[in-house]
Amino acid sequence: MSMEGNAAPLENTCSFHGLAPAMMALPYPPVRVQAKNRVYADLLSVDYCGAVSELSAITQYINNENRLSYEKCPLAKTLLSIAMAEMMHLQTLGELICLLGGEVDFVARYCGGRKRMWTPQYLTLPCQTAEMLAADIESEKQAIAQYVMHIKQMDDACVTAVLQRIIKDEEYHIMMLQALMKEL
């Protein structure tokens, strides 16, 4: 494979070494459940891999980070740190789903028996930085609303404590993203 002309190779010099997840400095409650409950597992499957989900958030943040890292390294680092927190949320939800007796298979199980496998069609991927951040903020707000709705449908203090803690991270992400918007 040859390079055209004598142009120097392009390189992304944005280093992500040592980057930590963007999470509130608060402990997480233990990941446990009061009892197996397939209905609760199905609710969490939507948070895990539905249209508004941790899997969608991770994928959207990573995509945005990849597109921005070459020219906007500090912004890309923040997006990746948020994606890392979302990965931890995904892992935690997966644990809860399994403890509740559910399946972790990238299928969201909605009320009424409807099932839908995760798809990248769930993502919002605008080209402009401000629109990317606005889409990320909106996704975080939708996630919080969905978690609140699911908390109201559950009678398991162990599970709801974890969801309430996840919400604190999502609120923190909104604050971070809004600060980035102001810097543009």
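Visitor: Why does aspartate 42 count as partly exposed?

Guide: Its relative accessibility is 22%. Buried means under 20% relative accessible area and exposed over 50%, with partly exposed in between (1.4 Å probe, protein chains only). The value of 22% falls in between, so aspartate 42 counts as partly exposed. By the way, this is a predicted model, in which local features need pLDDT of at least 70 and side-chain atom pairs count only at pLDDT 80 or more, while totals for chains, interfaces and linings use all residues. Residues are numbered from 1 along each chain as its sequence is written, and side-chain values use heavy atoms, leaving out hydrogens and water.

Visitor: What makes the contact of arginine 38 and aspartate 42 a salt bridge?

Guide: A salt bridge needs a side-chain nitrogen of Lys or Arg within 4 Å of a carboxyl oxygen of Asp or Glu. Here the N to O distance is 3.5 Å, so the pair meets the cut-off. Both residues lie in helix α1, and because they are four residues apart, about one helical turn separates them. An α-helix has 3.6 residues a turn, so residues three or four places apart point the same way. Arginine 38 has a relative accessible area of 36%, which makes it partly exposed.

Visitor: Which other residue meets arginine 38 in a salt bridge?

Guide: That is glutamate 103, at 3.1 Å from N to O. Glutamate 103 lies in the loop between α3 and β1 and arginine 38 in helix α1, so this pair ties together parts that are 65 residues apart in sequence. Glutamate 103 is partly exposed, at 40% relative accessible area. Both arginine 38 and glutamate 103 belong to a network of salt bridges, together with Asp42, Asp105 and Arg109. A search of the whole structure finds five salt bridges.

Visitor: How do you know that the length of α1 agrees with a helix?

Guide: First, what counts as one: helices (H or I, at least four residues) and strands (E, at least two) are DSSP runs, numbered from the N terminus. The expected span is 1.5 Å times one less than the number of residues. For the 12 residues of α1 (residues 38-49) that gives 16 Å, and the end C-alpha atoms are 16 Å apart, so the two agree.

Visitor: Why is α1 called largely enclosed?

Guide: Nine of its 12 residues are buried, so the rest of the structure largely encloses the helix. Among them are Tyr40, Leu44, Val46 and Cys49. The cover over these buried residues includes α2 (54-68), α3 (73-99), β1 (107-109), α4 (129-152) and α5 (157-183).

Visitor: How many aromatic pairs does the structure hold?

Guide: There are two. The rings of tyrosine 48 and phenylalanine 106 have centres 5.8 Å apart and planes at 35°, so this pair is tilted. Rings of Phe, Tyr and Trp (its six-membered ring) pair if their centres lie within 6.5 Å; planes under 30 degrees apart count as stacked, over 60 as edge-to-face and the rest as tilted. Tyrosine 48 sits in helix α1 and phenylalanine 106 in the loop between α3 and β1, 58 residues apart, so the pair links distant parts of the chain. Tyrosine 48 is buried at 9% relative accessible area, whereas phenylalanine 106 is partly exposed at 38%.

Visitor: What kind of pair do tryptophan 118 and tyrosine 122 make?

Guide: Their ring centres are 6.4 Å apart and their planes stand at 75°, so the pair is edge-to-face. Both residues are buried.

Visitor: What makes the charge of arginine 114 sit over the ring of tyrosine 110?

Guide: NZ of Lys or CZ of Arg must be within 6 Å of the ring centre and within 35 degrees of the ring normal. The charged end of arginine 114 sits over the ring, 4.2 Å from its centre.

Visitor: Is serine 81 buried or exposed?

Guide: Its relative accessible area is 7%, so serine 81 is buried. Serine 81 is placed in helix α3. Leaving aside residues up to four places away in sequence, serine 81 touches Leu19, Ala20, Pro21, Ala22 and Met176, where contact means heavy atoms within 4.5 Å.
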